[in-house]
Amino acid sequence: MAGWAIVADSRPAARVLCVDGQGRVLLLRWHDHVSDVVFWEPPGGGIEPGETPLEAARRELAEETGLPGDRVLDQWIPVERDYHWLGVHYVKTEPFFLARFDTTPDVASTELTPEEDGTYRGHAWHSRADLAALPEPIEPPNLLAILDHLL
């Protein structure tokens, strides 16, 4: 696509697939105002210097959802990503971790960065049927295969 900058592994990141007691997955809804695309994605974000991917996953989960970071298990798989965000085309590999909850915990996104605050559109716990019926894209598109592998 003309005009996109391709950045490979420029911003290491980690993501968390949260599964509740009913087997539903927590996804956050974002609006990329550059491309005007709304999509769903698991919580997660950048790995800070000196931070391990697991530490980043736990911190990001707490910041973006208010859920306890210690629920993130040291169980992950590498996921190839190829996506656009705010005018940048990212191509990289991110670790996707698993977090399990016995019930459906309340989510409160209280520590969003200014960038996130301007693009965040909410959250929802989705069943597999919900995921198949969403009118908006899911990132990454192979999310169910990733979930199956982690479970």
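1. His 126 is found in strand β8 (residues 120–126), where helices (H or I, at least four residues) and strands (E, at least two) are DSSP runs, numbered from the N terminus. With a relative accessibility of 6%, His 126 counts as buried; buried means under 20% relative accessible area, exposed over 50%, and partly exposed in between, using a 1.4 Å probe and protein chains only. Leaving aside residues up to four places away in sequence, His 126 touches Arg 24, Val 25, Leu 27, Trp 40, Leu 131 and Leu 134, a contact being heavy atoms within 4.5 Å.

2. Please keep in mind that this is a predicted model, in which local features need pLDDT of at least 70 and side-chain atom pairs count only at pLDDT 80 or more, whereas totals for chains, interfaces and linings use all residues. Residues are numbered from 1 along each chain as its sequence is written, and side-chain values use heavy atoms, with hydrogens and water left out.

3. Side chains of opposite charge can pair when their charged atoms come close. A salt bridge is taken here as a side-chain nitrogen of Lys or Arg within 4 Å of a carboxyl oxygen of Asp or Glu, and by this rule there are 12 salt bridges. One of them joins Asp 20 to Arg 24, with the closest N and O atoms 2.9 Å apart, and both Asp 20 and Arg 24 are buried.

4. Glu 63 and Arg 59 also form a salt bridge, their closest N and O atoms being 3.2 Å apart. These two residues are separated by about one helical turn, because they stand 4 residues apart in helix α1 (residues 53–65).

5. Which residue meets Arg 128 in a salt bridge? The partner is Asp 148, at 2.3 Å from N to O, and the pair links distant parts of the chain, 20 residues apart, with Arg 128 in helix α3 (residues 128–133) and Asp 148 in helix α4 (residues 143–150). Arg 128 is partly exposed at 39% relative accessibility, and Asp 148 is partly exposed with a relative accessible area of 43%.

6. Not counting residues up to four places away in sequence, Ile 146 touches Leu 17, Ile 77, Val 79, Phe 96 and Pro 140.
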